[in-house]
Amino acid sequence: MNILVCISSVPDTTSKINFTDNNTKFDSNGVQFVINPYDEFGLTKAVFLKEENQASITVLTVGDPSVEPILRKALAIGADKAIRINYSPTDSYSTAYQIANHINSSEYDLIIAGKESSDYNNGAVPGMIADMLEIPFINACNGLTLEGNNLKLTREIDGGIENIQTKTPIIIGGQKGLVEESELKIPNMRGIMTARTKPLEVIESSDHTSLTESISFEKPAAKGSCKMIDENNINELVQELHNVAKVI
Amino acid sequence: MSIIVYAESWEGKFRKSTYEAVSYAKNMSEILQQEVKSITVGDISEEELKKLGIYGSSSVESYPNISKSDGKSVAEIIKEHAQNSKFIVFSNTFNAKSIAPRVSAKLKAGIITNIISNLENNNEPVFKRQSFSSKAIEAVKLNTNQGVLSIAPNSFELSEKQLDCKISVNQKTTESDLNIIGKDINKGKISLSEAEVIVSAGRGLKGPENWNMIEELADILGAATACSKPVSDIGWRPHSEHVGQTGKAVAPNLYIAIGISGAIQHLAGVNSSKVMVAINTDPEAPFFKAADYGVVGDAFEVVPKLIEEIKSLRNN
Ligand SMILES: Cc1cc2nc3c(=O)[nH]c(=O)nc-3n(C[C@H](O)[C@H](O)[C@H](O)COP(=O)(O)OP(=O)(O)OC[C@H]3O[C@@H](n4cnc5c(N)ncnc54)[C@H](O)[C@@H]3O)c2cc1C
């Protein structure tokens with residue numbers, strides 16, 4: 001079984017987000033980049049599937065050379081091969097297009113992406129890939145078991161869970177539940193050493209049509225100061241919420 | 001030419017998020033001088049379909065034999081109706097996230113999700129959206145003539161238009177590429193993405209057995225319950241309640257945080273709430289920097305008092 005794990009490189013969750021060039025560009029100065037948290041669950045799941053079923057794992061990201069450290073990290077966690085498509089993504093469509101193009105020229109059974117990336121939060125790339133390749137798409141996937149080429153999956157829906165059966169090839173938008181937080185793999189010394197000898201291939205990109213364009217950023221309006229209420233006067237809180245804020 | 005809305009239904013009924021999408025589309029349609037046409041799948045009564053007119057849908061195409069779980073077929077149907085539509089509007093639910101990207105790819109129409117602004121300039125449509133897990137607001141321009149728009153739930157007012165919605169029923173059937181073998185629905189629970197009030201609790205509650213008062217408070221407020229990440233990681237509460245940067249992003253009118261420290265990753269997913277209340281024993285808890293109202297105190301004393309005060313407000 002050939003598994004492709006699509007990962008994106010995002011600012012560490014503790015990062016303060018700032019913008020430069022008159023608020024038109026994300027300011028990566030001083031920001032630590034990590035594997036998108038949703039993708040980490042998918043990557044660990046892929047490693048488990050490999051341990052159980054002799055799968056081969058390719059990790060892929062679309063980006064400029066600055067994203068290679070997260071690919072090396074994924075190799076250290078257990079992927080066999082890494083691919084970087086040399087293109088700085090400008091929107092979901094152009095990113096999906098590059099990935100779909102690569103998948104088309106390869107043979108993957110299971111394509112694992114994250115349900116969204118924690119920087120732009122558009123959550124559109126995996127669904128677009130599904131459509132371009134005409135394969136099933138399971139979004140917000142929080143459980144996956146494999147029997148031959150039959151897959152049993154669960155996905156989160158508004159207010160519950162749906163149980164699904166389908167056949168490969170498929171693409172999922174993964175999240176927690178694929179594996180638990182406590183199961184997430186962290187690179188060990190041996191992994192880091194062998195990662196250095198694993199292949200990292202750079203593929204040139206083609207056709208860069210973007211359907212949308214990010215034009216500027218702003219920070220959410222700063223909150224006014226917090227009104228402190230005495231713990232012995234909870235009636236005041238209720239009156240405030242009812243009469244002033246009018247939210248209860 | 002019309003503006004298309006995907007009118008999502010749950011067990012034959014529409015919810016507020018669907019009406020928000022219709023209202024949003026109607027608002028645009030007045031600028032573009034077009035009509036709003038809804039598309040809906042699943043078995044829905046005529047009486048329920050008519051309700052789409054209240055918020056400005058002039059017509060609805062209903063597909064009773066198609067399941068909303070079949071994202072591929074729903075996307076194909078929307079595409080057929082949307083050939084000449086400038087905008088296709090969704091509310092940003094899980095279901096929409098399975099369909100909207102496919103519609104975008106099929107039509108080669110730019111997709112913008114988590115939208116929090118109305119259409120302003122029709123010649124060069126720019127929409128503001130939540131980005132960087134709500135740490136930033138991003139303005140995005142469409143490079144295409146058509147746009148697939150997914151609006152953030154609980155971010156837009158409903159406005160009543162009282163139109164008579166014309167119903168067409170289509171008996172089309174399709175074959176899904178997914179075989180749905182079962183569903184587990186959290187019965188009677190209010191979904192987090194749509195809740196107007198959320199009562200959320202963290203590690204300060206000490207153990208799962210202490211959630212009774214949280215559920216009681218949520219109950220009397222008609223609120224949904226949520227929790228911080230460690231609480232779901234240790235299994236005190238289900239993962240579906242985890243809010244924050246790596247859980248669900250929520251935007252209720254009122255978010256009450258009880259025994260939650262207010263870590264940056266937690267705040268990222270909740271700071272779009274209109275009003276936030278923090279209850280915490282530690283006066284230095286970071287949550288007090290983000291909250292609108294704060295109570296320094298022990299949750300085990302403050303929450304029961306809060307329940308009593310709300311009950312007496314309700315009784316007056
Ligand atoms: C990659 C990454 C992603 C993350 N994503 C998320 C996320 O999406 N969501 C999220 O929530 N967290 C996330 N976190 C975790 C986050 O950093 C915090 O650790 C977490 O939010 C803390 O949860 P908490 O506030 O419940 O617990 P704690 O930080 O332990 O805080 C408990 C609070 O309760 C108070 N308290 C104690 N006893 C009482 C009492 N009797 N009455 C009232 N108050 C009391 C304490 O003063 C304290 O402020 C993430 C972390 C990482 C590294």
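Author: The largest nonpolar core has 47 residues, and those with the most contacts inside it are Ile129(A), Ile78(B) and Phe90(B). A nonpolar core here is a set of buried Ala, Val, Leu, Ile, Met, Phe, Trp, Tyr and Cys residues joined through side-chain atoms within 4.5 Å; buried means under 20% relative accessible area, exposed over 50% and partly exposed in between, with a 1.4 Å probe and protein chains only. Helix 4 (residues 94-107) of chain B supplies the largest share of this core, 6 residues. Helices (H or I, at least four residues) and strands (E, at least two) are DSSP runs numbered from the N terminus.

The model is predicted: local features need pLDDT of at least 70, side-chain atom pairs count only at pLDDT 80 or more, and totals for chains, interfaces and linings use all residues. Residues are numbered from 1 along each chain as its sequence is written, chains are lettered from A and ligands numbered from 1 in the order in which they are written, and side-chain values use heavy atoms, with hydrogens and water left out.

Leaving aside neighbours within four places in sequence, Phe90(B) is in contact (heavy atoms within 4.5 Å) with residues including Tyr6(B), Ile78(B), Ile99(B), Val103(B) and Leu149(B). Apart from this core lies another, of 38 residues, among them Ile57(A), Ala74(A), Ile77(A) and Leu178(B).

Now to the helix pair. The axes of helix 5 (residues 212-221) and helix 9 (residues 299-315), both of chain B, come within 10 Å and cross at roughly 20 degrees. Helix 5 of chain B is therefore roughly parallel to helix 9 of chain B, a description that applies to angles under 35 degrees, with those over 145 roughly antiparallel, 65 to 115 roughly perpendicular and the rest oblique. From helix 5 of chain B, residues including Met213(B), Leu217(B) and Leu221(B) take part in the contact, and from helix 9 of chain B, residues including Phe300(B), Ile307(B) and Arg314(B).

There remains the backbone. A cis peptide bond, with omega about -5 degrees, joins Thr168(A) and Pro169(A). Pro169(A) is placed in the loop between strand 11 (160-167) and strand 12 (170-174) of chain A. In chain B, Asn114(B) has a positive phi, near 55 degrees, without being a glycine; Asn114(B) belongs to strand 7 (residues 110-115) and is buried, at a relative accessible area of 15%. Ser134(B), also not a glycine, has a positive phi of about 65 degrees.

Definitions and conventions
Axes are lines fitted to C-alpha atoms, for helices over the stretch in contact, and angles run from 0 to 180 degrees between N-to-C directions.
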